[in-house]
Amino acid sequence: MRMPSPPSITFNPHSFTTDTMGEINLLDSLPKTNRSSRGRVVTPADRKLACQFGKEYFDGPRTQGYGGYIYDGRWKPVAKRLKAYYHLPDSARVLDVGCAKGFLLHDLKELMPHLEIAGVDISQYAIQNSVENVRPFLSVGNANKIPWPDRYFDLVLSINTIHNLDLNNCKMAIREIQRVSKKYTYIVVDAYRDELEKQRLLDWILTAKTFMHVDKWENLFQETGYKGDYYWFLME
């Protein structure tokens with residue numbers, strides 16, 4: 001929600017077009033966090049609790065998830081960038097698959113008050129503890145079966161989510177994301193480009209069931225007919 005690394009892209013909303021979909025980092029305004037360690041060795045018990053996507057995962061210790069998933073406005077620049085990059089009108093429809101507590105949807109709605117937003121997440125805890133003004137637009141559900149009709153949304157987002165599914169369900173989720181979008185999609189997933197990044201990722205992840213080399217992800221996108229944009233959660 002990766003051979004050398006591709007050259008970085010400097011954002012200029014007037015220079016971009018979305019005619020050619022592909023790899024792009026639209027999240028580089030987010031603050032960098034120390035991903036080298038969770039403070040202590042992660043145990044199988046930690047991972048078991050994290051995979052329940054409950055209080056421990058969002059608001060428990062760092063070894064079991066976020067260590068406190070609190071709104072701090074960090075998604076505001078991302079919302080502005082998404083609006084500019086995808087030329088979203090205020091009347092657009094946007095779905096966030098794996099919306100968690102709805103922080104990004106909140107900032108998109110604040111930026112574009114007439115936006116039609118929707119979010120789906122596997123975590124009942126996250127939905128119940130979401131930002132109050134977007135809570136009515138969020139629902140508990142699985143990314144492999146999105147409950148909206150074909151081509152309903154102008155933009156479908158899924159950031160650090162579908163890699164939490166096993167491979168078959170991950171493929172289903174990618175197809176579902178493509179199905180409900182009439183125009184744009186953006187997916188971010190756990191990935192690696194070399195053995196060092198792979199080991200760092202293995203040391204870090206708690207919930208991911210499908211993670212692979214960036215080349216294999218791109219092959220999977222082709223296999224599933226995915227035509228949208230994407231980027232990687234990398235342990236550099």
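In β7, which residue is the bridge partner of I187? The partner is Y230. The structure is a predicted model, in which local features need pLDDT of at least 70 and side-chain atom pairs count only at pLDDT 80 or more, whereas totals for chains, interfaces and linings use all residues. Residues are numbered from 1 along each chain as its sequence is written, and side-chain values use heavy atoms, with hydrogens and water left out.

**Overall composition**

- The protein chain contains 8 helices and 7 strands; helices (H or I, at least four residues) and strands (E, at least two) are DSSP runs, numbered from the N terminus.
- Of the 236 residues in the protein chain, 50% are buried; buried denotes under 20% relative accessible area, exposed over 50%, and partly exposed in between (1.4 Å probe, protein chains only).
- The protein chain exposes about 11600 Å², and carbon and sulfur atoms supply 51% of that area; accessible areas come from the Shrake-Rupley method with a 1.4 Å probe, and for residues only the protein chains shown count as cover.

**Strand β2 and its partners**

- Strand β2, residues 116–121, is mostly covered, with 5 of its 6 residues buried.
- Strand β1 (residues 93–97) pairs with β2 in the parallel sense over 5 bridges; two strands pair if DSSP finds at least two bridges between them.
- Within β2, I117 is the bridge partner of V94.
- From β1 the chain crosses through helix α4 (residues 103–111) to β2 in a right-handed β-α-β crossover; right-handed means that, with the strands pointing away from the viewer, the path from the first strand over the helix to the second runs clockwise.
- Strand β3 (residues 138–140) runs parallel to β2 and is joined to it by 3 bridges.
- The bridge partner of D121 in β3 is V140.

**Strand β5 and its partners**

- Strand β5, residues 181–192, is mostly covered: 10 of its 12 residues are buried.
- Strand β4 (residues 153–159) runs parallel to β5, and 6 bridges join the two.
- Strand β6 (residues 212–213) pairs with β5 in the parallel sense over 2 bridges, and Y192 stands opposite H213 in β6.

- H106 has its place in helix α4, and it counts as buried because its relative accessible area is 12%.
- Not counting residues up to four places away in sequence, H106 touches Y71, V131, N133 and V134; contact means heavy atoms within 4.5 Å.
- M172 is found in helix α6, residues 167–180; its relative accessibility is 38%, so M172 counts as partly exposed.
- M172 and I146 are 26 residues apart in sequence, and their C-alpha atoms are 9.9 Å apart in space.

**Aromatic rings and charges**

- There are 18 aromatic pairs; rings of Phe, Tyr and Trp (its six-membered ring) pair if their centres lie within 6.5 Å, with planes under 30 degrees apart counted as stacked, over 60 as edge-to-face and the rest as tilted.
- W148 and F153 form an edge-to-face pair because their ring planes stand at 75°, with the ring centres 5.4 Å apart.
- The rings of Y152 and F153 have centres 4.9 Å apart and planes at 75°, so this pair is edge-to-face.
- F153 counts as buried, at 0% relative accessibility.
- One aromatic cluster is formed by F53, Y57, F58, Y66, Y69, Y71, F103 and Y125.
- R93 lies over the face of Y152, at 3.9 Å from the ring centre; a charge sits over a ring if NZ of Lys or CZ of Arg is within 6 Å of the ring centre and within 35 degrees of the ring normal.
- K109 lies over the face of F137, at 5.8 Å from the ring centre.
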